[in-house]
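Dear colleague,

I am handing over the structure below, and after it I set out what was found there. Please read the notes with the structure open beside them.

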Amino acid sequence: MAEQGTPEVYLEGYTEILEGACATGRRLTRDELDALRGRGERAAEAGIGLRVLVRAHLAAAQALRPGLSRAAAEHLLASVEQSVDAFAEGHERAQRLAVRQDEAARREFIDDLLYGRSDLGRLAERAERFGLLLAQAHAVAVAQGRQAYDDGDPVTRSVEASLVARFGHRRILLTTKEGRLICVAPADEPDVLTFFAKQAHAATDGGRAAIGRAHPGAGGVVHSYEEALNALDLADRMDLDEPVLRAADLLVYPVLTRDRQAMADLVRSVLGPLREARGGARPLLDTLAAYFDTGCVAAEAARRLNLSVRAVTYRLDRIHRLTGSDPGDPVHRYTLQTAVIGARLLEWPEREV
């Protein structure tokens with residue numbers, strides 16, 4: 001008797017079907033085709049490749065041919081074609097179902113991993129199936145571009161191919177979430193996330209990537225993921241132009257905004273008088289931001305703002321007169337610069353604080 005894992009067990013009754021069809025020159029019946037599809041599904045579920053099974057079908061038909069009459073033999077090829085086609089259809093249907101189930105399981109795992117919605121012990125068990133050992137510390141990088149990406153997008157496949165070519169399969173998880181590319185890697189493989197960020201920047205046509213800090217355990221993945229997302233949001237608010245951001249380099253900003261009310265009070269009290277200027281606070285605020293971003297070099301600030309150095313100097317003097325704080329004075333500079341950072345983070349003056 002054939003064993004469950006061998007092709008022969010899925011050919012039982014196959015020669016009888018061929019003989020019956022060839023005897024009268026008829027096509028296979030619906031029941032016969034359904035039976036063959038069912039055997040194809042079971043063979044796929046048993047993990048037997050379609051190529052091996054097709055060869056077994058052809059060999060069985062070849063063995064049957066010498067015992068057939070001439071008329072029956074002439075119909076054999078058509079019957080084999082119908083039989084193999086039905087069997088392959090069932091096999092492929094089972095494979096597609098398995099892929100969809102795997103994709104659903106993977107997506108559910110990723111959602112639970114990034115949002116921390118599952119029991120941590122159970123999550124760690126499931127993680128091993130997808131190549132992660134959550135007992136280790138991990139870090140997460142998130143990349144976004146001009147458009148949304150999913151797992152089947154050419155950009156995603158391109159970045160994944162580059163990672164595999166460079167690092168092989170080193171317990172790296174590459175996926176997408178809400179249109180962004182996401183890479184999870186062990187903390188002892190920092191080059192992986194740096195490489196991912198550079199590849200994603202190039203593949204997304206100038207997109208931006210952020211790398212969270214490494215944290216231990218399943219909860220650490222969530223923490224690192226949130227840090228990367230916050231870094232991307234912060235980059236938009238602060239007009240940061242670096243293509244690759246690291247949450248570790250941006251820790252000062254969460255500290256500054258931890259007491260939102262205190263920061264709002266600072267912005268109102270220090271920068272509020274700029275509203276009295278002709279044209280409102282925005283031109284003067286942009287001037288301060290450019291001045292501080294260029295290391296307090298008026299000529300470079302003027303170049304960034306597309307203004308003359310004289311115009312920038314006039315604006316800085318106007319800021320001094322309105323606020324009472326001199327941007328060129330080291331004592332005043334820290335207060336003004338902190339207030340400018342707060343204005344960016346709180347989206348002032350467009351949004352009242």
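Helix H1 (residues 14–24) packs with helix H3 (residues 50–64) at an angle of about 50°, and their axes lie 10 Å apart. Helices here are DSSP runs of H or I of at least four residues, strands are runs of E of at least two, and both are numbered from the N terminus; axes are lines fitted to C-alpha atoms, for helices over the stretch in contact, with angles running from 0 to 180 degrees between N-to-C directions. H1 and H3 are therefore oblique to each other, given that angles under 35 degrees count as roughly parallel, over 145 as roughly antiparallel, 65 to 115 as roughly perpendicular and the rest as oblique. The contact (heavy atoms within 4.5 Å) is made by Tyr14, Thr15, Leu18 and Glu19 of H1 together with His57, Ala60, Ala61 and Leu64 of H3.

This is a predicted model, in which local features need pLDDT of at least 70 and side-chain atom pairs count only at pLDDT 80 or more, while totals for chains, interfaces and linings use all residues. Residues are numbered from 1 along each chain as its sequence is written, and side-chain values use heavy atoms, with hydrogens and water left out.

The structure also holds two aromatic pairs, where rings of Phe, Tyr and Trp (its six-membered ring) pair if their centres lie within 6.5 Å, and planes under 30 degrees apart count as stacked, over 60 as edge-to-face and the rest as tilted. The ring centres of Phe167 and Phe195 are 5.5 Å apart with the planes at 80°, so this pair is edge-to-face. Because Phe167 lies in helix H6 (residues 154–167) and Phe195 in helix H7 (residues 190–203), the pair ties together parts that are 28 residues apart in sequence. Phe167 is buried at 8% relative accessibility, and Phe195 is buried at 16%; buried means under 20% relative accessible area, exposed over 50% and partly exposed in between (1.4 Å probe, protein chains only). Tyr291 and Phe292 form a tilted pair, 5.9 Å centre to centre with 55° between the planes, and Tyr291 is buried at 9%, as is Phe292 at 7%.

Finally, Leu232 has its place in helix H8 (residues 217–238) and is buried, with a relative accessible area of 2%. Leaving aside neighbours within four places in sequence, Leu232 is in contact with Val142, Gln144, Arg180, Arg208, Ala209 and Ala210.
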